[in-house]
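This report describes a protein model with a ligand. It treats the surroundings of the ligand, then the fold and the annotated positions.

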Amino acid sequence: MAVVPYKEQQGSKKEQVAEMFNNISHKYDFLNHFLSLGIDILWRKKAIRLLKADKPKQILDIATGTGDFAIEALALNPDRVVGVDISAGMLEVGKQKMKKKGYDNIIDMQLGDSEKLLFEDNTFDAVIVAFGVRNFENLKKGLADMHRVLKPGGKTVIIEFSKPKRFPMKQLYNFYFKSILPIIGRIVSKDQAAYTYLPESVGAFPDGQKFLDILGEVGYKETQCKPLTFGISSIYIGQK
Ligand SMILES: C[S@@+](CC[C@H](N)C(=O)[O-])C[C@H]1O[C@@H](n2cnc3c(N)ncnc32)[C@H](O)[C@@H]1O
């Protein structure tokens with residue numbers, strides 16, 4: 001059974017995930033940085049540095065949300081960054097941010113589903129995703145469609161939460177993620193489920209080698225996993 005945010009409701013995982021991110025969109029950036037003590041910003045920067053040598057010009061940011069990973073990708077000096085997301089609410093907050101920062105001429109934010117991308121095959125030099133793949137309804141389908149729109153030789157760089165395996169980080173992480181974070185998240189976002197769904201969806205996500213195996217199954221080569229900060233998150237890389 002898929003982990004969904006609103007267990008008592010009927011909608012598909014995709015519908016529920018879009019609804020949840022619509023609900024929390026105005027508090028998302030604040031909570032992200034507050035709950036991670038700003039470490040999420042460093043993780044995105046590190047992931048983008050892994051693409052530096054490739055000099056990608058056309059970049060697709062999947063599950064772009066409010067666009068923070070797309071903004072980090074500007075460090076690569078691309079011609080264009082396209083951000084796609086299924087949540088109109090997150091995109092609206094992102095679009096306002098781009099306008100304010102003067103990035104709206106280079107970062108194009110569009111409504112779009114990772115499992116049905118509206119781009120030709122072999123369009124992008126790099127496809128990036130931060131904290132998105134765990135929310136896909138059909139993980140393999142999403143990763144395969146990302147592979148389809150990548151140019152041959154192009155890379156995908158994915159950041160996702162993972163589960164620390166060693167004492168004492170494993171215990172500390174579980175305590176923080178399951179007991180502290182849902183309470184703060186609920187009070188600030190006013191959404192009853194979003195920050196309970198977060199640890200549950202991380203728990204159900206096939207991290208580490210399992211995720212590398214899936215990347216390999218859908219066609220990526222030269223796959224690598226780089227754990228971040230005691231394994232709280234990981235960067236995954238694959239090439240077409
Ligand atoms: C945790 S947010 C991450 C946002 C951003 N990448 C960041 O680093 O802050 C996850 C985003 O994934 C989006 N999402 C989930 N499933 C998706 C799908 N199938 N296609 C596109 N976006 C999706 C959600 O709407 C949400 O905005």
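By class, the shell around the ligand has 12 nonpolar, eight polar and five charged residues; here Ala, Val, Leu, Ile, Met, Phe, Trp, Tyr, Cys and Pro count as nonpolar, Asp, Glu, Lys and Arg as charged, and the others, Gly among them, as polar. The model is predicted: local features need pLDDT of at least 70, side-chain atom pairs count only at pLDDT 80 or more, and totals for chains, interfaces and linings use all residues. Residues are numbered from 1 along each chain as its sequence is written.

**Ligand shell**

Ala63, Gly65, Ser87, Ser114 and Ala130 come nearest among the 25 residues around the ligand (a residue is near if its C-beta atom, placed from the backbone, lies within 6 Å of the molecule). At least two shell residues each are supplied by helix H1 (13-35), helix H3 (68-72) and strand E2 (80-85), and H1 gives the most, with five. Helices (H or I, at least four residues) and strands (E, at least two) are DSSP runs, numbered from the N terminus.

**Fold and core**

The protein has eight helices and seven strands. Its radius of gyration, 17 Å, is close to the 18 Å that the globule rule gives for 240 residues, so the protein is as compact as a globular protein of that length; the radius is taken over C-alpha atoms, and the rule is 2.2 Å times the number of residues to the power 0.38. Buried residues make up 43% of the 240 residues, a residue being buried if 20 or more other C-beta atoms, placed from the backbone, lie within 10 Å of its own.

The largest nonpolar core has 60 residues, and Val127 and Ile128 have the most contacts inside it. Such a core is a set of buried Ala, Val, Leu, Ile, Met, Phe, Trp, Tyr and Cys residues joined through C-beta atoms within 7 Å.

**Annotated positions**

The UniProt annotation "binding site", from an unreviewed entry, covers Thr66, Asp85, Asp113 and Ser114; such annotations may be inferred rather than shown by experiment. Thr66 lies in the loop between strand E1 (58-62) and H3, whereas Asp85 is found in strand E2.

| Residue | C-beta neighbours inside 10 Å | Class |
|---|---|---|
| Thr66 | 27 neighbours | buried |
| Asp85 | 25 neighbours | buried |

Not counting residues up to four places away in sequence, Asp85 touches Ala63, Thr64, Gly65, Met90, Leu91, Leu111 and Gly112, where contact requires C-beta atoms, placed from the backbone, within 7 Å.

Definitions and conventions
A residue is buried if 20 or more other C-beta atoms lie within 10 Å of its own, exposed if 12 or fewer, and partly exposed in between; C-beta atoms are placed from the backbone. Two residues are in contact if their C-beta atoms, placed from the backbone, lie within 7 Å.
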